Amino acid sequence: MQQPVCRRLEGRVAVVTGGAGGIGLATVRRLASEGATVVVADVDREAGTSSADEVGGLFVGTDVSSDVEVERLYRAAYDAYGRIDVAFNNAVSHLPTTTPYSPPAWMPGGASRT
Ligand SMILES: NC(=O)c1ccc[n+]([C@@H]2O[C@H](COP(=O)([O-])OP(=O)(O)OC[C@H]3O[C@@H](n4cnc5c(N)ncnc54)[C@H](O)[C@@H]3O)[C@@H](O)[C@H]2O)c1
């Protein structure tokens with residue numbers, strides 16, 4: 001594995017959807033190698049748990065086609081670590097969402113948008 005150039009993400013928290021495989025898993029590993037605490041979200045619970053365990057992160061079972069599950073994901077990440085610095089919304093749902101997403105009031109930056 002390529003060595004990180006630095007630990008520039010030390011103390012930062014990153015959320016990666018689709019983090020169980022492919023580009024998402026590679027991103028989970030890279031973010032962790034640079035010091036980030038990573039929250040892995042995926043529909044594949046077994047592979048997602050393995051991904052999170054590999055980097056000492058948190059797995060949250062999430063189907064990104066569900067607005068409720070996406071909000072629960074970010075809530076769980078924030079509750080666990082008290083901050084969210086990076087969001088890699090990598091997983092794609094091929095189902096249209098019913099409502100446009102905006103951050104909830106409890107999330108930094110969310111209150112001013114509601
Ligand atoms: N691989 C490419 O060449 C390529 C090119 C352009 C865009 N993309 C996009 O990049 C993203 C990742 O691609 P990849 O090749 O790593 O895909 P992949 O299929 O290898 O991995 C996708 C991951 O997302 C998870 N996932 C699928 N549906 C989900 C859902 N509804 N909720 C949560 N997790 C879900 C899967 O379980 C899997 O772990 C996709 O959005 C893809 O459309 C990929």
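Me: How much of the protein chain, out of its 114 residues, counts as buried?
Reply: Of the 114 residues, 35% count as buried, where buried means under 20% relative accessible area, exposed means over 50%, and partly exposed lies in between, with a 1.4 Å probe and protein chains only. This is a predicted model, in which local features need pLDDT of at least 70 and side-chain atom pairs count only at pLDDT 80 or more, while totals for chains, interfaces and linings use all residues. Residues are numbered from 1 along each chain as its sequence is written, and side-chain values use heavy atoms, with hydrogens and water left out.

Me: OK, and which pattern does the chain follow along the sequence?
Reply: The pattern reads β-α-β-α-β-α-β, which comes to three helices and four strands. Helices (H or I, at least four residues) and strands (E, at least two) are DSSP runs, numbered from the N terminus.

Me: Let's take strand S1, then. Why is S1 described as largely enclosed?
Reply: S1 covers residues 13-17, and because five of its five residues are buried, the strand is largely enclosed by the rest of the structure.

Me: Which residues are on each side of S1?
Reply: Val13, Val15 and Thr17 are on one side, with Ala14 and Val16 on the other, and all of them are buried, which leaves both faces covered. In a regular strand the side chains alternate between the two faces of the sheet.

Me: And how many bridges join S1 to S2, and how many to S4?
Reply: Five bridges join S1 to S2 (residues 37-42), and these two strands run parallel, with Val15 standing opposite Val39. Three bridges join S1 to S4 (residues 86-88), again in parallel, and here Ala14 stands opposite Val86. Two strands pair if DSSP finds at least two bridges between them.

Me: Where does helix H1 come in, and what does it make with S1 and S2?
Reply: H1 spans residues 22-33, and together with S1 and S2 it makes a right-handed β-α-β unit. Right-handed here means that, with the strands pointing away from the viewer, the path from the first strand over the helix to the second runs clockwise.

Me: What about Gly18, is it buried or exposed?
Reply: Gly18 lies in the loop between S1 and H1, and at 13% relative accessibility it counts as buried. Leaving aside neighbours within four places in sequence, Gly18 is in contact (heavy atoms within 4.5 Å) with residues including Gly24, Asp42 and Asn90. The C-alpha atoms of Gly18 and Val92 are separated by 8.0 Å, although the two residues are 74 apart along the chain.

Me: Switching to the ligand: which residues are closest to it?
Reply: The closest are Ile23, Asp42, Asp63, Asn90 and Val92, from 14 residues that surround the ligand, each with a heavy atom within 4 Å of it.

Me: Last one: what does Thr27 do with Ile23?
Reply: Thr27 lies in helix H1, and a polar atom of its side chain lies 2.7 Å from the backbone oxygen of Ile23. Beyond its neighbours within four places in sequence, Thr27 is in contact with Val16 and Phe88.

How values were computed: Polar contact = N/O pair within 3.5 Å; in protein donor to acceptor, adjacent residues only side chain to side chain.
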